[in-house]
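Here is a short tour for anyone meeting this structure for the first time. Have a look at the picture, then read on.

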Amino acid sequence: MTLIALLLVLVMVVAAVTALLSRSHLTAVVSTSLLSLALTLLFVLLKAPDVAMTEGVVGAGLGSLILAMALSRLALNRGED
Amino acid sequence: MSELVKRVEWTPLLFSVGLGCLLLPLFLALPFGNSPMVAGEMIQQAAQGVQGAVVDSVGAANLVTSVVLAYRGLDTLGELAILFAAATGAGMVLQSGSAALHQNTKMHKHIDSEINLGELFDSAATMLTPLLLLVGVYIILHGHLTPGGGFQGGVVVAVALFLPSWARNGGGQLSHKVISRIEGGAGASFIVIGLVALWQGDPFLTPWLAQGELGELFSAGTLPLLYLMVGLKVGAELAALLKYLAIDEQVQS
């Protein structure tokens, strides 16, 4: 339990740093989504299912979808920065 | 053999395996299929002192919902207003942008009406839509019994409605008239339900229908109705927002 939580936090930190340092916008969006996904699992682990659902649906799902569509609208999804 | 090894994309595979390893212990710990759902028992235990009072006065099995819709119903209305303002603002900006682009592309006549996102995406969207719709409606209707509710379910419904048209032709199929009618009607109904409580002499948004039996689908008075309205409103707003984004994408490419 604690081990899984530690692992999840590690994944979140790595994803956050990747989102900051990555040169490709698409990688940054995917990292943000991964961060939200790990946070969702952490909420489930901490027995907060209501918050986990909101985080999973809005943070990992819709938020990333809107960010990705905004990237494609601004034509930033192909170039490397 | 080495050809195959070269062709396999290792990063997504590694990611999927890692995610599976993380999800497995979590899902093994969940008591699936056991009734009643005990997810969220921590908050129920923590609120044991007030839970008797909460159940007596509201009658929702999910304690969070009785707080969100009954005790803090006005805050939820404010939240809906904020979401409405944000979606309207984004829609206005995107609509004016797309109108200008439309004129541009009409002049140059190089608009590609068919975007092919691929067989895989098309089939996946077709298969996922009914499942997503079912999950979304379930989450909305069981908001007063199990974790979840109108906001979460509404987002799922919006994505479910939007996916097939996006996979086919860039999201042009959703009728904007119907969407805005649903959104306006749901928002007005939410306020009317609250006003009826006021008319009965209770504070605004006090639950007023029969409470029924705790844990049943038709229980907790007007809370399921309120969550249904929240779900419809959120779903319609986000579907409209996604539609605007997708139309821009289609016009630009």
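Two residues are in contact here if their C-beta atoms, placed from the backbone, lie within 7 Å. With that in hand, take Ala158(B): setting aside its neighbours within four places in sequence, Ala158(B) is in contact with Gly235(B), Leu238(B), Ala239(B) and Leu242(B). Keep in mind throughout that this is a predicted model.

**The two chains**

Let's step back and look at the chains. Chain A has three helices and zero strands, and its pattern along the sequence reads α-α-α. Chain B has 10 helices and, again, zero strands. Starting from the N terminus, the elements of chain B run α-α-α-α-α-α-α-α-α-α.

In chain B, 33% of the 253 residues count as buried.

Then there's the matter of how far along the sequence the contacts reach. Take the contacts in chain A with a separation of 6 or more: residues 24 or more positions apart account for 50% of them. For chain B, among contacts between residues at least 6 apart in sequence, 70% join residues at least 24 apart. As for dimensions, the C-alpha atoms of chain A fill a box of roughly 40 × 25 × 10 Å, taken along the principal axes.

**How the helices of chain A pack**

Start with helix 1 (residues 2–21) and helix 2 (residues 25–45) of chain A, which pack at an angle of about 160° with their axes 8 Å apart. Helix 1 and helix 2 of chain A are therefore roughly antiparallel to each other, since angles over 145 degrees get that label. Helix 1 of chain A passes helix 2 of chain A in a left-handed crossing. Which kinds of residues make up this contact of helix 1 with helix 2 of chain A, by class? There are 16 nonpolar, four polar and no charged residues. On the helix 1 side of chain A, the residues taking part include Ile4(A), Leu8(A), Val11(A) and Met12(A). Among those they meet in helix 2 of chain A are Leu34(A), Leu35(A), Ala38(A) and Leu42(A).

Next comes the pairing of helix 2 and helix 3 of chain A, with an angle of about 175° and axes 8 Å apart. That makes helix 2 of chain A roughly antiparallel to helix 3 of chain A. By class, the contact of helix 2 with helix 3 of chain A divides into 13 nonpolar, nine polar and one charged.

**Where the chains meet**

The contact between the chains takes 19 residues from chain A and 20 residues from chain B. On the side of chain A that touches chain B, helix 1, helix 2 and helix 3 (49–73) each give two or more residues. Which helix of chain A gives the largest share of that side? Helix 3 of chain A does, with 12 residues. Sorted by class, the side of chain A that touches chain B has 13 nonpolar, three polar and three charged residues.

**The core, and a few residues up close**

The largest nonpolar core has 59 residues, and Ala38(A) and Ala158(B) are those with the most contacts inside it. Helix 10 (residues 223–252) of chain B supplies the largest share of this core, 17 residues.

Leu120(B) sits in helix 7 (residues 119–141) of chain B. Is Leu120(B) buried or exposed? Leu120(B) is exposed, because it has 9 other C-beta atoms within 10 Å. Phe121(B) also lies in helix 7 of chain B, and it counts as partly exposed, with 14 C-beta neighbours inside 10 Å. Over in chain A, Val30(A) is found in helix 2; with 19 C-beta neighbours inside 10 Å, Val30(A) counts as partly exposed.

| Pair | Separation in sequence | C-alpha to C-alpha distance |
|---|---|---|
| Leu120(B) and Leu238(B) | 118 residues | 25 Å |
| Phe121(B) and Leu163(B) | 42 residues | 9.5 Å |
| Val30(A) and Ala60(A) | 30 residues | 9.2 Å |

Notes
Residues are numbered from 1 along each chain as its sequence is written. Chains are lettered from A and ligands numbered from 1 in the order in which they are written. This is a predicted model: local features need pLDDT of at least 70, side-chain atom pairs count only at pLDDT 80 or more; totals for chains, interfaces and linings use all residues. Axes are lines fitted to C-alpha atoms, for helices over the stretch in contact, and angles run from 0 to 180 degrees between N-to-C directions. Helices (H or I, at least four residues) and strands (E, at least two) are DSSP runs, numbered from the N terminus. Angles under 35 degrees count as roughly parallel, over 145 as roughly antiparallel, 65 to 115 as roughly perpendicular and the rest as oblique. A crossing is left-handed if the near helix is turned anticlockwise from the far one by less than a right angle, and right-handed if clockwise. Ala, Val, Leu, Ile, Met, Phe, Trp, Tyr, Cys and Pro count as nonpolar, Asp, Glu, Lys and Arg as charged, and the others, Gly among them, as polar. A nonpolar core is a set of buried Ala, Val, Leu, Ile, Met, Phe, Trp, Tyr and Cys residues joined through C-beta atoms within 7 Å. A residue is buried if 20 or more other C-beta atoms lie within 10 Å of its own, exposed if 12 or fewer, and partly exposed in between; C-beta atoms are placed from the backbone.
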